[in-house]
Amino acid sequence: MGTRAVYVTKPREQIAGLLRAEPRFFSAAEIHRRLDEHEHKVSLSTVYRTLEHLRERGEVTERADDAGEATYKMCAPTHHHHHAICRACGRVEDVDCSTMEQLAESLRSVHGFELDEHKMEFTGRCRACR
Ligand SMILES: [Zn+2]
Ligand SMILES: [Zn+2]
Ligand SMILES: [Zn+2]
């Protein structure tokens, strides 16, 4: 038998790789199950710890799903943007925020309201599911 290099992927790389591969939100339990299917032996607590670490570094976005469970996604744009989420398959499009400036302007002129922060999310069907 020849020698074979044993390549051990760190949990952080495994989890980041999984999140990078699919543009959607995953719960920690889903990530744990996926890694398990690929025979990566990572405990659920390690998944949670790793996600927290990635979130603190701004590499992963956290969102509560309809049941209130925390889910995680890796976003391509690191600047402020919005999410259009497909109800059918869960695919997420990262959406630019530029049109928001018009709404901010009308809040100011019509309501005298100065906008300093906003959150917005879109749900519907993606190109593939329409
Ligand atoms: Zn995003
Ligand atoms: Zn879809
Ligand atoms: Zn915005």
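The legends below describe views of a predicted model of one protein chain.

**Figure 1. Overall view of the predicted chain.** The secondary structure of the chain comprises 4 helices and 6 strands. Read from the N terminus, these elements follow the order α-β-α-α-β-β-β-β-α-β. The C-alpha trace spans about 75 × 35 × 30 Å along its principal axes. The radius of gyration of the chain is 19 Å, whereas a compact globule of 130 residues would have one near 14 Å.

**Figure 2. Burial and contacts within the chain.** Of the 130 residues in the chain, 28% count as buried, a term that here stands for under 20% relative accessible area. Contacts between residues at least 6 apart in sequence were also examined, and 46% of them join residues at least 24 apart.

**Figure 3. The largest pocket and the residues around its centre.** Rolling a probe the size of a water molecule over the atoms shows where empty space is left. The largest pocket holds about 430 Å³ of space. Its lining is made up of 20 residues, and T61, H80, H81, H82 and H83 are the closest to the centre of the pocket.

**Figure 4. What makes up the lining of the largest pocket.** Two strands, strand 2 (61-64) and strand 4 (82-86), each contribute at least two residues to the lining of the largest pocket. Strand 2 contributes the most, namely 3 residues. By residue type, the lining of the largest pocket has 9 polar, 6 charged and 5 nonpolar residues.

Figure 5. The volume of the second largest pocket is about 300 Å³. This pocket is lined by 17 residues, and those nearest its centre are R63, D66, I85, C86 and G90. Strand 4 and strand 6 (121-124) are the elements that give two or more residues to the lining of the second largest pocket.

**Figure 6. Residue types and domains at the second largest pocket.** The lining of the second largest pocket contains 7 charged, 6 nonpolar and 4 polar residues. Domain 1 (10-74) and domain 2 (78-130) each supply at least three residues to the lining of the second largest pocket.

How values were computed:
Residues are numbered from 1 along each chain as its sequence is written. Chains are lettered from A and ligands numbered from 1 in the order in which they are written. This is a predicted model: local features need pLDDT of at least 70, side-chain atom pairs count only at pLDDT 80 or more; totals for chains, interfaces and linings use all residues. Side-chain values use heavy atoms; hydrogens and water are left out. On a 1 Å grid over the protein atoms alone, a cavity is a set of points where a 1.4 Å probe fits but cannot get out, and a pocket is an open set with protein on both sides within 12 Å along at least five of seven lines; lining residues have an atom within 4 Å of a point. Grid points are joined across faces, edges and corners, and a volume is the space filled by probe spheres set on the points. Ala, Val, Leu, Ile, Met, Phe, Trp, Tyr, Cys and Pro count as nonpolar, Asp, Glu, Lys and Arg as charged, and the others, Gly among them, as polar. Domain bounds come from an automatic or database domain assignment. The radius of gyration is taken over C-alpha atoms; the globule rule is 2.2 Å times the number of residues to the power 0.38. Buried means under 20% relative accessible area, exposed over 50%, partly exposed in between (1.4 Å probe, protein chains only). Contact means heavy atoms within 4.5 Å.
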